[in-house]
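The sequence and the structure are shown first.

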Amino acid sequence: MTDQHHIASAFDRDLESVQAQLMKMGGLVEESIRNSAKALKTRDIELAEQVRKGDREIDSLEEQISMDCASLIARRQPAASDLRTVLTVMRISSNLERIGDYAKNIAKRTEVLAQLPPIEGSAGAVKRMAKEVQNMLSDSLDAYIKRDAALADEVRHRDLEVDQMYNALFREFLTFMMEDPRNISSCMHLHFIAKNIERAGDHVTSVADQVVYLATGVMPEDPRPKGNGAPYDLGTFQESDE
Amino acid sequence: MKDNLEGRKLVNQMDVKIETRDVQVFYGDTHAIKDVSVDILDKTVTAFIGPSGCGKSTFLRCINRMNDTIPIARVEGTLMLDGEDIYHSGIDPVQLRAKVGMVFQKPNPFPKSIYDNVAYGPRIHGLAPTKADLDVIVEKSLRRAALWDEAKDRLQEPGTGLSGGQQQRLCIARAVATEPEVLLMDEPCSALDPIATAQVEELIDELRENFSVVIVTHSMQQAARVSQKTAFFHLGNLVEYGDTDTIFTNPVDPRTESYITGRIG
């Protein structure tokens with residue numbers, strides 16, 4: 001990335017504007033994750049509703065960014081780092097939109113869960129997991145602003161921790177459900193919430209991938225770090241277990 | 001890597017047509033080209049880009065010794081066409097230019113008929129023993145330049161009566177009539193409208209099947225569209241030379257980046 005300005009200053013303004021929108025969208029999505037996890041922990045239906053309604057703004061920002069990028073490509077024919085910026089903005093905004101949807105989904109289930117008896121300790125664990133994803137998102141957006149490939153790469157590797165947290169929760173929910181079938185309804189919702197956060201983590205990793213591409217011009221080569229697939233192993237374990 | 005883009009067709013990196021080493025050009029005291037070493041490939045379109053005065057046209061003109069016509073111009077270093085030194089004393093520049101054709105910025109047909117414009121080169125080089133042979137060459141050349149259908153019924157009309165885009169294609173037909181191996185194009189579309197430009201670009205892509213094409217262009221988008229290899233010149237230096245895809249998505253040199261993204265360099 002060069003610090004020089006375009007000869008056509010309107011090009012600079014267009015690029016800055018679309019990136020400012022992306023950062024605004026990133027801020028809203030971070031807030032959505034934080035609030036949805038908080039609403040879950042504190043059984044706060046009002047906060048959950050606020051998250052659900054807030055997703056509309058995230059969606060409309062994505063549409064706006066998408067149109068602005070199309071216009072930039074049509075009118076400016078960006079090349080080199082400008083081209084990578086536009087491509088990256090488009091892909092990151094679609095990742096952010098998906099993360100926003102997951103937060104909305106968590107909020108919906110929170111409203112249902114608030115009517116059910118609480119499951120000891122699990123909301124706290126889910127909130128810690130959400131906190132980690134939120135931190136990863138915050139760091140990848142920082143990495144975007146600084147065009148910092150090293151920081152982005154570090155974020156990519158942290159997804160493994162999220163996967164491990166998810167696997168641990170998966171086991172915990174199984175245990176709760178086996179202990180008492182009355183927990184099944186809550187645990188199913190909680191499991192979907194944990195899965196949503198895990199998927200959000202994948203999208204954050206994809207954001208970090210894009211930042212590496214933006215900064216270096218090449219997509220990261222090593223496959224995204226993956227867990228050992230424990231839930232699938234657990235499935236087989238279940239079948240053979242009496 | 002699998003290549004899905006038809007327009008990008010893989011080029012043979014080993015098939016070098018023109019090899020240049022440490023080329024210098026001086027106009028009097030002005031050092032216009034500095035240490036340019038580059039391998040230009042056969043059956044490939046190579047684009048030369050760079051700001052005005054960067055030396056891209058000067059370097060292009062070295063390849064068919066057009067700089068010989070400028071008294072104060074002096075060329076040093078080595079330029080080889082198929083391993084033969086272009087500047088060797090035994091080389092006849094006129095014969096060389098039959099092998100290395102050129103198309104200029106403004107269409108410049110001779111004030112003759114369409115037929116005679118195309119037949120001129122084959123006649124002076126004695127390539128057509130009979131009128132029938134010449135007819136064949138004229139038709140083939142006009143077809144290669146995608147002008148045959150428009151011109152076949154008016155071959156005896158003056159070439160200057162054609163539209164700008166047609167005139168430029170006539171000049172291309174004239175250049176390919178001597179069966180050159182290399183085609184040099186110096187901003188061939190800068191005087192043409194977008195439709196004629198698209199036709200010439202389509203033609204360049206077809207010509208690549210048989211020729212090594214080198215094009216100087218001020219339009220970065222044109223370079224990106226038509227070429228497989230791009231060379232960026234700046235202040236007489238060859239700053240960067242590489243695959244067009246790489247130059248336009250991830251150039252190595254910050255000067256290339258500044259130029260192609262339209263920043264002050």
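**Model and confidence**

This is a predicted model, in which local features need pLDDT of at least 70 and side-chain atom pairs count only at pLDDT 80 or more, while totals for chains, interfaces and linings use all residues. Residues are numbered from 1 along each chain as its sequence is written, and chains are lettered from A and ligands numbered from 1 in the order in which they are written. The model has an ipTM of 0.78 and a pTM of 0.84. The term pLDDT denotes the predictor's confidence in each residue, from 0 to 100.

Chain A has a mean pLDDT of 91, with 90% of its residues at 70 or more. For chain B the mean pLDDT is 92, and 95% of the residues reach 70 or more. Within chain B, helix H7 (residues 194-207) has the lowest confidence, at a mean of 90, and strand E3 (residues 45-49) the highest, at 97. In chain A, residues 235-242 stay under 50 in pLDDT. The model gives that stretch 0 contacts beyond four places in sequence, a contact being a pair of residues whose C-beta atoms, placed from the backbone, lie within 7 Å.

**Chain A**

Chain A contains 7 helices and 0 strands; helices (H or I, at least four residues) and strands (E, at least two) are DSSP runs, numbered from the N terminus. Its C-alpha atoms fill a box of roughly 70 × 40 × 25 Å along the principal axes.

Helix H1 (residues 9-42) of chain A has 34 residues, which at 1.5 Å a residue should span 50 Å, and the 49 Å between its end C-alpha atoms agrees with this. The expected span is 1.5 Å times one less than the number of residues. Just after H1(A), A:Arg43 has a positive phi of about 50°.

**Helix pairs**

Axes are lines fitted to C-alpha atoms, for helices over the stretch in contact, and angles run from 0 to 180 degrees between N-to-C directions.

| Pair | Angle | Distance between axes |
|---|---|---|
| H2(A) (residues 45-76) and H3(A) (residues 80-113) | about 165° | 9 Å |
| H1(A) and H4(A) (residues 122-146) | roughly 170° | within 9 Å |

H2(A) is therefore roughly antiparallel to H3(A), a term for angles over 145 degrees. Their contact comprises 13 nonpolar, 5 polar and 9 charged residues. Here Ala, Val, Leu, Ile, Met, Phe, Trp, Tyr, Cys and Pro count as nonpolar, Asp, Glu, Lys and Arg as charged, and the others, Gly among them, as polar.

H1(A) and H4(A) are likewise roughly antiparallel to each other. The residues of their contact divide into 11 nonpolar, 4 polar and 5 charged.

**Contact between the chains**

In the contact between the chains, 15 residues of chain A meet 14 residues of chain B. H3(A) supplies the largest share of the chain A side, 5 residues. By class, that side has 6 nonpolar, 7 polar and 2 charged residues.

Conventions:
Angles under 35 degrees count as roughly parallel, over 145 as roughly antiparallel, 65 to 115 as roughly perpendicular and the rest as oblique. Two residues are in contact if their C-beta atoms, placed from the backbone, lie within 7 Å.
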